[in-house]
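Please examine the sequence and the structure shown below before reading on.

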Amino acid sequence: MTSELIGPTPPAQLRRLESPIGRIELTGDGTAVTSLTIERAGHLPLEEFPETSDDVLDRAAVELEEYFAGTRTSFDVPVAVTGTAFQQAVWAELTELEFGEVISYGELGRATGRPSAGRAVGGAVGANPVPIIIPCHRVLASNQRITGYSGGNGIPTKVWLLDHEGIVHAS
């Protein structure tokens, strides 16, 4: 019996764009953005596949370019994310945050009915499949400290996003 390594499956739609925090890879299902990945160490997870964009991903790219240029403070492009009910609740709370607004992990836990679930909240924030559009970078510790970031190159990427929005933070 031979076992083969199975690589990633090509998404229905795929679009890449340049940004101040590195290349960004968007995937979609034809009606919504399903993932956003920020380049890490010069690589994107689906870089071996050709771009197959559509109107939704083109619109997302324009909105992201406007965000990085400082002319957009909210996103209108539709997103479709899958996760547990708790993850969905956390991500829904994040979408309510305004540009430049911050929330702590504890506040996020209370808002989702799990006031003592700090670690679970952190896990849900880190599992966000559409960072920036669902603004997980706006979550800080209660003392305004950055405790981590799973997108791009980690904390330096989060620092850039926070500084871009004028959010005060401690390193």
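Arg 114 has a relative accessibility of 38% and therefore counts as partly exposed, since this class lies between the limits of 20% and 50%. The model under discussion is a predicted one. Arg 114 is located in the loop that joins α3 (105-111) to α4 (118-126).

Which residues does Arg 114 touch, when those up to four places away in sequence are not counted? They are Phe 86, Gly 109 and Ala 120.

The report now turns to pairs of aromatic rings. A pair of this kind is described by the distance between the ring centres and the angle between the ring planes. The structure contains four aromatic pairs. The planes of Tyr 67 and Phe 68 meet at 70°, so this pair is classed as edge-to-face, for which the angle must be over 60 degrees. Tyr 67 also pairs with Phe 75, and this second arrangement is tilted. The table sets out the values for both.

| Pair | Centre to centre | Angle between planes | Class |
|---|---|---|---|
| Tyr 67 and Phe 68 | 5.3 Å | 70° | edge-to-face |
| Tyr 67 and Phe 75 | 5.6 Å | 40° | tilted |

Tyr 67 has 0% relative accessibility and so counts as buried. Phe 68, at 11%, likewise counts as buried, and Phe 75 is buried as well. Ring pairs join Tyr 67, Phe 68, Phe 75, Phe 99 and Trp 160 into a cluster.

Conventions. Residues are numbered from 1 along each chain as its sequence is written. This is a predicted model: local features need pLDDT of at least 70, side-chain atom pairs count only at pLDDT 80 or more; totals for chains, interfaces and linings use all residues. Side-chain values use heavy atoms; hydrogens and water are left out. Rings of Phe, Tyr and Trp (its six-membered ring) pair if their centres lie within 6.5 Å; planes under 30 degrees apart count as stacked, over 60 as edge-to-face and the rest as tilted. Buried means under 20% relative accessible area, exposed over 50%, partly exposed in between (1.4 Å probe, protein chains only). Helices (H or I, at least four residues) and strands (E, at least two) are DSSP runs, numbered from the N terminus. Contact means heavy atoms within 4.5 Å.
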